Amino acid sequence: ENNVKDYGYLYSWEIAKQAAPAGWHLPTKEDLLKLIDYLGGESVAGDKLKEAGTKHWYKTTPSVTNETNFGALPGGYCNEKGEFYALGLYGGYWCSTLEDSDRAHFILIYTNTTRVDISYVDKNLGYSVRCIKD
């Protein structure tokens with residue numbers, strides 16, 4: 001609860017799908033790949049999505065621009081037991097695309113690197129959400 005004001009809530013994938021308000025939805029993996037490609041690829045897109053400065057990020061690179069106004073924050077993640085990890089180190093944001101019955105895709109933005117990755121994790125872990133307008 002102490003971090004909600006700055007970082008927002010962390011959601012399991014099932015709850016994340018329901019968190020989008022009317023007229024909004026979780027992005028698909030394809031939506032995120034298009035965004036990353038538009039921003040110059042995985043090796044540089046992270047700095048174009050991150051909030052600038054070290055108010056929330058443990059470290060950042062000098063090239064952080066947040067040119068998309070995405071304002072990614074390093075909310076870390078939450079395991080199935082409700083234990084929180086990696087606050088300040090990275091931010092993960094769910095997308096609606098499944099990898100298999102147990103895992104879903106998400107975008108991962110790291111501290112002190114320009115990278116962004118799309119990967120997949122267990123759907124029961126808690127990550128952040130950013131929605132796209134319909």
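Strand S4, spanning residues 90–98, is mostly tucked away, with seven of its nine residues buried. Buried here means under 20% relative accessible area, exposed means over 50%, and partly exposed is anything in between, using a 1.4 Å probe and protein chains only. Strands are DSSP runs of E with at least two residues, helices are runs of H or I with at least four, and both are numbered from the N terminus. The model is a predicted one, so local features need pLDDT of at least 70 and side-chain atom pairs count only at pLDDT 80 or more, while totals for chains, interfaces and linings use all residues. Residues are numbered from 1 along each chain as its sequence is written, and side-chain values use heavy atoms, with hydrogens and water left out.

S4 teams up with strand S5 (residues 103–110) in the antiparallel sense, over six bridges. For two strands to count as paired, DSSP has to find at least two bridges between them. Along this pairing, tyrosine 93 stands opposite isoleucine 107 of S5, and glycine 91 has isoleucine 109 as its bridge partner. S5 is largely enclosed by the rest of the structure, because six of its eight residues are buried.

On to the next strand along. S5 and S6 also run antiparallel, joined by seven bridges. Isoleucine 109 turns up again here, with valine 116 as its bridge partner in S6. S5 and S6 form a hairpin too, this time with five residues between them. Asparagine 112 sits in the loop between S5 and S6, and its phi is near 55°, a positive value in a residue other than glycine. Most residues other than glycine have a negative phi. Asparagine 112 is partly exposed, at 41% relative accessible area.

A positive phi also shows up at asparagine 69, where the value is near 60°. Asparagine 69 lies in the loop between helix H4 (45–49) and strand S2 (77–78). With a relative accessible area of 66%, asparagine 69 is exposed.

Lysine 123 is found in the loop between strand S6 (116–122) and strand S7 (132–133). Despite being a lysine, this residue is buried, with a relative accessible area of 14%. Leaving aside residues up to four places away in sequence, lysine 123 touches Ser12, Trp13, Glu14, Trp94, Leu98, Ser101, Asp102, Arg103 and Ala104. Contact in this sense means heavy atoms within 4.5 Å.

As for cysteines, the structure holds zero disulfides, a disulfide being a pair of cysteine sulfur atoms within 2.5 Å. Cysteine 78 is in none, and the nearest cysteine sulfur, that of cysteine 131, is 19 Å away. Cysteine 78 is buried, with a relative accessible area of 11%. Cysteine 95 is likewise in no disulfide, its nearest cysteine sulfur also being that of cysteine 131, 12 Å away. Cysteine 95 is buried as well, at 0% relative accessibility.

Finally, the pockets. The largest pocket has a volume of about 270 Å³. Pockets come from a 1 Å grid over the protein atoms alone: a pocket is an open set of points with protein on both sides within 12 Å along at least five of seven lines, where a 1.4 Å probe fits, and lining residues have an atom within 4 Å of a point. Grid points are joined across faces, edges and corners, and the volume is the space filled by probe spheres set on the points. Of the 13 lining residues, those closest to the centre are Glu1, Asn3, Gly8, Leu10 and Phe84. Helix H1 (4–7) and strand S3 (84–85) are the elements that give two or more residues to this lining. By type, the lining splits into eight nonpolar, four polar and one charged residue. In this scheme Ala, Val, Leu, Ile, Met, Phe, Trp, Tyr, Cys and Pro count as nonpolar, Asp, Glu, Lys and Arg as charged, and the others, Gly among them, as polar.
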